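I opened this notebook to record what I looked up in one protein structure.

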Amino acid sequence: MRMSQVTTSIRAGGLQAVFTAVVMATIVGCGSQAYEQRLAETAKYYAYRQQVDTALERNPWQEFGIQLRLPQGFQEIPGPTEEGEHDGRQPNFLSKPLPGLVAAWQSEVYVEIPDRESKTMPAWIFLCTNHQRFLDQQSNPTATPALFVEDLSNVLAAELRYEPDTALNRWTYEETRAPVGTPYVPRKTYEWIMLDDERNINDERVRMQFRLIRYYVNQIQFCLLTVAPHEEILDRRDWRKFYTGIDLAMENLVVSGDPPRQQSSGPPASGGGF
């Protein structure tokens, strides 16, 4: 073999080795980059779970196919145990009952009111849905599940001295698509509006904010009503904690779109045979 051919062969082999090394380095680099991306996403996921677990109760409240994790610190208000008994969940600062009330919770939040001895005031969360109307409809044809949100907003309008939400005077709801960014929970879209009025809270006239959240899943109409001291007097730290907790609760909310059915009270059907 001539010297030139030997040199050419050596050069070709060297170039092949360099090319192979570059390819391997690229493959290793891409693999390392993908691993780092997966690691970063895992860290973000666990950071989100920690944020949720820090803000919300670990065990969700469940009924009617609803799973709702309440902000920490809220205690459920017991409902009536007998038919006709007074419902202590209904707010005593409203003269009319909230339609479709399913559950209610109360907590204490910090306020900044000059010369006020106590630094805390109560705040509430009310859960209202049209589930009971589906059950009532089976014995009462006048029950209207589809009009539940309209009826609830009409009660709030009358109580808080707002014009009713009608076709000619639409309330301006803000749309929220949650979660923002990487969806670690199923995405959902809901709407909310903030109302306010002075209320008599424990014999004290206080300006309160009413945040009405409405969320639709098929025929099910779900509403969460929060009532808290107005942001002008609510401690800023509690303002962030309270409303961030509500937003995270809505992100992690699970609502079945199936209307409830009245269970038959008759005896179970017998098996086949003669």
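The entries below go from the whole chain to single residues.

**Entry 1: the model and its limits.** I noted that this is a predicted model, in which local features need pLDDT of at least 70 and side-chain atom pairs count only at pLDDT 80 or more, while totals for chains, interfaces and linings use all residues. Residues are numbered from 1 along each chain as its sequence is written, and side-chain values use heavy atoms, with hydrogens and water left out.

**Entry 2: the whole protein.** I found four helices and ten strands; helices (H or I, at least four residues) and strands (E, at least two) are DSSP runs, numbered from the N terminus. From that end, the elements run α-β-β-β-β-β-α-α-β-β-β-β-α-β. Buried residues make up 39% of the 274 residues. Buried means under 20% relative accessible area, exposed over 50%, and partly exposed in between (1.4 Å probe, protein chains only). I also looked up contacts (heavy atoms within 4.5 Å). Of those with a separation of 6 or more, 57% are between residues 24 or more positions apart.

**Entry 3: helix H3.** I read H3 as residues 148–160, 13 residues in all, reaching 18 Å from its first C-alpha to its last. This is close to the 18 Å expected at 1.5 Å a residue, where the expected span is 1.5 Å times one less than the number of residues. Which residues of H3 are buried? They are Phe148, Val149, Leu152, Ser153, Val155, Leu156, Ala157, Glu159 and Leu160. An α-helix has 3.6 residues a turn, so residues three or four places apart point the same way. The cover over the buried residues of H3 includes strand S5 (120–129), helix H2 (131–137) and strand S8 (204–217). Arg161, which follows H3, has a positive phi, near 65°.

**Entry 4: the nonpolar cores.** A nonpolar core is a set of buried Ala, Val, Leu, Ile, Met, Phe, Trp, Tyr and Cys residues joined through side-chain atoms within 4.5 Å. In the largest core, of 36 residues, Trp105 and Phe222 touch the most other members. Helix H4 (236–251) is among the elements that give two or more residues to this core, and the largest share, six residues, comes from H4. I then listed residues that Phe222 touches, leaving out those up to four places away in sequence; among them are Ile66, Leu127, Ile213, Tyr215, Met250 and Leu253. A second, separate core of 30 residues includes Leu94, Cys128, Ile201 and Phe210.

Entry 5: I found an open sheet of three strands in the order S1-S2-S10, with antiparallel pairing. Strands S1 (61–63) and S10 (254–255) stand at the edges with a single partner strand each, so one side of each has no neighbour in the sheet. Three bridges join S1 to S2; two strands pair if DSSP finds at least two bridges between them. Trp61 stands opposite Leu68 in S2.

**Entry 6: backbone exceptions.** Most residues other than glycine have a negative phi, and most peptide bonds are trans. Phe64, in the loop between S1 and S2, has a positive phi of about 55° and is partly exposed at 25% relative accessible area. Asn218, in the loop between S8 and S9, also has a positive phi of about 55°. Is Asn218 buried or exposed? Asn218 is exposed, at 69%. Lastly, the peptide bond from Ala178 to Pro179 is cis, with omega near -5°, and Pro179 lies in the loop between strand S6 (174–178) and S7.
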